[in-house]
Amino acid sequence: MNADLLVFFILALIAVSAAVGMLFSRNMVYAVLFLVLVMMTLAVFYLMLGAPFLAMAQITVYAGAIMVLFLFAVMVLGPERLPEEGGPLAWQRPVAVVLTLAFLVEVVYAFTAKVGGLGTLTPPSAGAGSPAAIGDVLFNQYLLPFEVTSVLLLVATIGAVVLTRDDNGK
Amino acid sequence: MVLTNDMLVLSAVLFLLGVAGVLVRRNALVVYMSIELMLNAANLAFVAFASAFGGLEGQLAVFFVMTVAAAEVAVGLAILVTIFRQRKTVDIDSLHRLKG
């Protein structure tokens, strides 16, 4: 067993258990922090896969900005603890668990037995996925999608402001 | 050595945990976080494929997914806060006023 495999399995274990912890924690703040842990482990995976720019963006955008927004929403909404049993759709939950497990078995079987091997992860070459390489492709080949993204972010900003405006306070 | 398929299996497991969260939990905020988990699992698959085929396009797809996710979270959380102001709950089972 070499070091790569050891690192992969330890990180995978952390990511999956943090995701499970997010699903089952009753305390919303803990759930958000578990999701931050998942994002962090994914950032390390990106480093392993030769995407250092994405790893840093993952930490700043996801673990930083988006999860802070989630924490903010948790504080605004209050630590509401809902009863997880009962309700009009209670019968759907066991069905959902069974179907998800069936799908999981199917997908794992497909990826391990059916899909041909995609090779091993090779150590990334120097400069691959660096900000310079990403920026070169982004601003030469994908300039239009990039500009459209800025419009999307503007729309999202205006949408958030309009939606949360207090109508009584006008 | 770590196989690319191992990375894809991990991505599938994380994605299905997100699916389970959307289907099982009733708190709208947890459902939202599960959607984020699914987006991240898809991102991991993108980066794994980019690494396997030696291109940068997969990484650019992740970049665009991140911006879309940021926009989605801003609008989605604004909607949740508005719903909470009016209904005093974020229980998705009780949000059925559009039901005919």
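Predicted model: local features only at pLDDT ≥ 70, side-chain atom pairs only at ≥ 80, totals over all residues.

Me: Let's back up to chain A. What is its secondary structure?

Reply: Chain A has six helices and zero strands. Read from the N terminus, the order of elements is α-α-α-α-α-α.

Me: How much of chain A is buried?

Reply: Buried residues make up 22% of the 170 residues in chain A. As for contacts in chain A between residues at least 6 apart in sequence, 56% of them join residues at least 24 apart.

Me: Now the helix pairs. How do H1(A) and H2(A) pack?

Reply: Helix H1 (residues 3–24) and helix H2 (residues 28–48) of chain A pack at an angle of about 155°, and their axes are 8 Å apart. Angles over 145 degrees count as roughly antiparallel, so H1(A) and H2(A) are roughly antiparallel to each other. Their crossing is left-handed.

Me: Which residues make that contact?

Reply: On the H1(A) side, they include Leu11(A), Ile14(A), Ala15(A) and Ala18(A). On the H2(A) side, Phe34(A), Leu35(A), Val38(A) and Phe45(A) are among them. By class, the contact of H1(A) with H2(A) has 14 nonpolar, two polar and no charged residues.

Me: Over in chain B, at what angle do H1(B) and H2(B) cross?

Reply: H1(B) and H2(B) cross at roughly 165°, and their axes come within 8 Å. H1(B) and H2(B) are therefore roughly antiparallel to each other, and the crossing is left-handed. The contact of H1(B) with H2(B) has 19 nonpolar, six polar and no charged residues.

Me: Switching to the two chains together: how many residues are in contact?

Reply: 58 residues of chain B are in contact with 73 residues of chain A. On the side of chain B that touches chain A, helix H1 (4–24), helix H2 (28–53) and helix H3 (57–87) of chain B each supply at least two residues. H3(B) gives the most to that side, with 21 residues.

Me: What classes are the residues on that side of chain B?

Reply: The side of chain B that touches chain A has 43 nonpolar, nine polar and six charged residues.

Me: What about H2(A) and H2(B), are they parallel or antiparallel?

Reply: The angle between H2(A) and H2(B) is about 5°, with the axes 11 Å apart. That makes H2(A) roughly parallel to H2(B).

Me: Who meets whom there?

Reply: H2(A) brings residues including Val32(A), Leu35(A), Met39(A) and Tyr46(A). They are part of a contact with H2(B), where Met33(B), Glu36(B), Asn40(B) and Leu44(B) are among the residues involved. The contact of H2(A) with H2(B) divides into 15 nonpolar, one polar and one charged.

Me: Let's zoom in on Val32(A). Is it buried or exposed?

Reply: Val32(A), in helix H2 of chain A, has 22 C-beta neighbours inside 10 Å, so Val32(A) counts as buried.

Me: Which residues does Val32(A) touch, not counting those up to four places away in sequence?

Reply: Val32(A) touches Met67(A), Phe70(A), Leu71(A), Val74(A) and Met33(B). Val32(A) and Phe70(A) are 38 residues apart in sequence, and C-alpha to C-alpha they are 7.0 Å apart in space.

Me: Last one, Ser11(B). Where is its place?

Reply: Ser11(B) is in helix H1 of chain B. Ser11(B) counts as buried because it has 25 C-beta neighbours inside 10 Å. Leaving aside neighbours within four places in sequence, Ser11(B) is in contact with Ala41(B), Leu44(B), Ala45(B) and Ala48(B).

Me: And how far is Ser11(B) from Gly58(B)?

Reply: Their C-alpha atoms are separated by 15 Å, with Ser11(B) and Gly58(B) 47 residues apart along the chain.

Conventions:
Residues numbered from 1 in each chain as written. Chains lettered and ligands numbered in written order. Contact = placed C-beta atoms within 7 Å. Helix = DSSP H or I, 4+ residues; strand = E, 2+ residues; numbered from the N terminus. Nonpolar A, V, L, I, M, F, W, Y, C, P; charged D, E, K, R; others polar. Axes fitted to C-alpha atoms, helices over the stretch in contact; angles between N-to-C directions. Parallel < 35°, antiparallel > 145°, perpendicular 65-115°, else oblique. Left-handed = near helix turned anticlockwise from the far one by under 90°. Buried ≥ 20, exposed ≤ 12 C-beta atoms within 10 Å, placed from the backbone.
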